[in-house]
Amino acid sequence: MAQSLELLLIQFLMPDNDARRQAEEQIRRLARDPQVVPALVHHLRTAKTPNVRQLAAVLLRKKITSHWPKLPPHAKVSLKQALIDSITIDHSHLVRRASANVVSIIAKYAVPAGEWPELLPFIFQCSQSPQEDHREVALILFSSLTETIGTTFQSHLNDLQPILLKCLQDEASSRVRIAALKAVGSFIEYVNDGGDIVKMFREFVPSILNVSRQCLANGEEDVASIAFEIFDELIESPAPLLGDSVRSIVQFSLEVCSNQDLEINIRQQAIQIISWLAKFKASFLKKHKLVIPILQVMCPLLTETANEDGDSDLAADRSAAEVIDTMSINLPRHVLPPVLEFASVSFRHINPKYREAAVTSLGVVSEGCCEHLKDKLEDCLKVVLEALKDQEQMVRGAASFALGQFAEHLQPEILSHYESVLPCILNALEDPSDEVKEKSYYALAAFCEDMGEDILPYLEPLMCRLVMSLQGSPRNLQETCMSAIGSVAAAAEQAFMPYAEKVFEMMKGFMVLTNDEDLCARARATEVVGIVAMAVGRARMEAILPPFIEAAISGFELDYSELREYTHGFFSNVAEILDDSFTQYLPHVVPLAFSSCNLDDGSAVDIDDDDSIDNGFSGVSSDDDVNDEPRVRNISVRTGVLDEKAAATQAIGFFALHTKSAYAPYLEESLKILIRHSGYFHEDVRLQAIISLKHILTAIRAIPPAHADVLDKQKDVLDTIMNIYIKTMREDDDKEVVAQACMSVADIVKDCGFAAIEPYITRLAEATLVLLRQESCCQQVESDGEDDGDIDHDEVLMDAVSDLLPAFAKVMGSYFDPIFAKLFDSLMKFAKSPHPPQDKTMVVATLAEVAQEMGAPISAYVDKIMPLVLKELASSEATNRRNAAFCVGEICKNGGAAALKYYGDILHGLHRLFADSEPDHAVRDNAAGAIARMIMVQPQSIPLNQVLPVFIKALPLKEDHEESMVVYSCVCNLLLSSHPQILPLVPDVITAFAQVAVSPDESDEVKTVVAKAVSHLISVYGQQMQPILSALPAAHANALAAFANRR
């Protein structure tokens, strides 16, 4: 075999492709025989040319796994010795490296079995050899062996550290330094939390930085690149490997990314390190006061002009913007002041690139710093609107982008500026630059969507401009223009009716396009039809929709993921519009949604394989049964498929929700998909699955229980869904997904009642407690062990968690008390400093609703609750005052004797809320509700002669009509009992009641209660009432009389 194999190896290396293929086929056939191993070893040691020796090593690596167990002991010994000889004696670097790779594969089996005790001593000996080649190959072996027997090295780390440090500082050989860097990086994943090991790895950082600086000075940027790969591993490691070295890593990264003499790739790596730190190690940046130094580099990078020939995705200005965006999301309070300072200084700069950077910086921080930026919105908006008129296109483009970001993230405050913003956007739509126009359409779409009726004065000029643009613009502008039309329609609702026909006619033309370059426009058009149909409503749309539905279905034949994604969204809208009439389309659209949900994920994995890139040896295949486990370096996902899956998952839920029992034939397959997607790797798909699961439950509960198995099936589905939700609450790492699970649980608890959810209540309470303690998976944030006083959590998540408590209380009543007792202290911590005002009002609102639903047991908590609530009555935030007023009313209503001692303080606190200085109507309405509850439960404890005049003066209620029944019932009870303190106030009461009678915001039930009291007054005080009633406006008097006569 040896002789024939040698000829085949030589033939394989020939440039003739046919000869190569023939050789490969014969090598593959020979390689099935274990005798190929000694033959390859022979050529590894004796072949005259390095290429043949290297190829022999490559083939050994690919075939050794299947043959190793079959080799006799003497052959194994011979093989190991040959490899050691090759590593130490061979003159070719590539041969030595290929032999080292074979060693790592054999070691995977031989070392654990005790068959190669001399290997590690040999490697340690080589690492300290005076020969450069030996030192390098030892380090290569260290790196490759971590992939097969990494855990074996853990007990040797203390011995390895000084060797690696010395090799990192090897001034004689850059190859050794590079190999040492790779070896350090390969060990990181095997580091545990042990203090000595962590300290040891932190000591590598200065040497890594020194080597990298030397190499950058010498033009060896590839070595510095390895250093950044190591820093990346340090950041991602679960062990706390950074420590104080984060400061020097950041300093080095900033040096590199700001050095324009370096290649953009290495600068990009440096910027990425800063981005990862901001995303995953934000507390380190705060602790070491690195936020401002980072921004002092990143903000000026926004002014850098990209190379026209380069990749725009690698441009320094774009990468810097992404870092600032990430920092603003994770460190909003720390980021905004320096960014505002940069923007204010740069906006007046003579260089337009600086003006562009100023406006861009405001746009990129608007999402993360939204709450802080809202207080400075007016000043920032002036800058952006002025930039929209700049003479330079780049500045106007940045301004339209920033305006779109403001519109998207600074809701609802931005809407109050519509009178200044909309005219500017309309002007920008006339800009000579298509880029500015495109970003302006984006800004318009983001701004208009939530305007509501405020858009009506602008509807005509907006639609004239948009229709005109749609008819005569290039495709990319048509697409953004269609998005703007959709947003205008969503805001205008029924008022969009006059424009609907024209829009539908235009969309019909787009929805039949089939060329690849037109399919994105077709997708947008499909989306717009759904949005406009939602705005106009079922009555006008049901007859018009069938041809559009047919066109949408036909689009699935075109194999374009984005079109399928938007079409699933369209079907979701149509299902909502048609409701049960959508049933006729289920056989056509449900299989399409299932098909998208079952698509291959499209993950692409890149695997390091040094042998496959050396000298074209990739043609030699490994055995089918080779179990090598090369390290995965990169995983990328085709986001189009991901978005399509999310849209299809959402559609399944909408179909079930709106067709209910008619969806029964599809429930089983839908549930399988949603169960699978609830554990999907990407949060967007998991989120839609969590939402849709509740809709599936709604559909199955709508099926009439004609057979006993229906009830069993309903119970089984509830069990499956509740188990998924509880697991999600505790284990999912995305806050939005967890928040949605909490909201779904709260809805199910209220919809299904206590009997249905009783089996889960203990686990639900435990999961809720974990979330209140901020100990769930999604709340785990890295920490360096020091609390700097910042409280950073997701407000949406905690609002969703806190809503669970009233939901439990609603179905359990007083039986909720034992569970509430376990949750109470964790809830109350959110009301303590340094939590922000929104946390305090979340707590107060939760306490109020629990008191309302749980009833008398709330009395045990009054002394702990009342100091907080009384303080919140004087809060500077209207929402806090409103919730506090509601809360004191419920506590007085259900707190019994425990609340009585606080009546004086409560009345004092509420009195301020009735004053003219109180600007918020809802606050005053809730204060009136609190007074009403106090009067109804403890009238003798209230100084009615002082309270009633103030109370009646606040009527009628202006905004919070949920308080109407309790407020007006209180007044009516006083009237019906002819209470002496209310009678002098009857003229004011009648005036208020008359306004209630004509109010479109008040229910008939409330109006009937009021009318009953008026009838009573007329029957008892007829003559005295006549002048009071005569003084009312005719419409008010007639409305009051109508309800009085209806009793």
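I count a residue as buried when its relative accessible area is under 20%, and as partly exposed when it lies between that and 50%. I keep in mind that this is a predicted model.

**Entry: aromatic pairs**

I searched the whole structure for aromatic pairs and found 20. I looked up Phe124 and Phe142, whose rings are edge-to-face, with 5.7 Å centre to centre and 70° between the planes. Where do these two sit in the chain? I find Phe124 in helix 7 (residues 119-127) and Phe142 in helix 8 (residues 132-149), so the pair links parts of the chain 18 residues apart. Both Phe124 and Phe142 are buried.

**Entry: Phe824 and Tyr861**

Next I turned to Phe824 and Tyr861, a tilted pair with 5.0 Å centre to centre and 45° between the planes. Phe824 belongs to helix 42 (residues 817-828), while Tyr861 lies in the loop between helix 43 (837-854) and helix 44 (862-872). They are 37 residues apart. Are they buried or exposed? Phe824 counts as buried because its relative accessibility is 3%, and Tyr861 is buried because its relative accessible area is 9%. I also noted that ring pairs join both of them with Phe808, Phe816 and Phe820 in a cluster.

With a relative accessible area of 47%, Asp450 is partly exposed.

Conventions
Residues are numbered from 1 along each chain as its sequence is written. This is a predicted model: local features need pLDDT of at least 70, side-chain atom pairs count only at pLDDT 80 or more; totals for chains, interfaces and linings use all residues. Side-chain values use heavy atoms; hydrogens and water are left out. Buried means under 20% relative accessible area, exposed over 50%, partly exposed in between (1.4 Å probe, protein chains only). Rings of Phe, Tyr and Trp (its six-membered ring) pair if their centres lie within 6.5 Å; planes under 30 degrees apart count as stacked, over 60 as edge-to-face and the rest as tilted. Helices (H or I, at least four residues) and strands (E, at least two) are DSSP runs, numbered from the N terminus.
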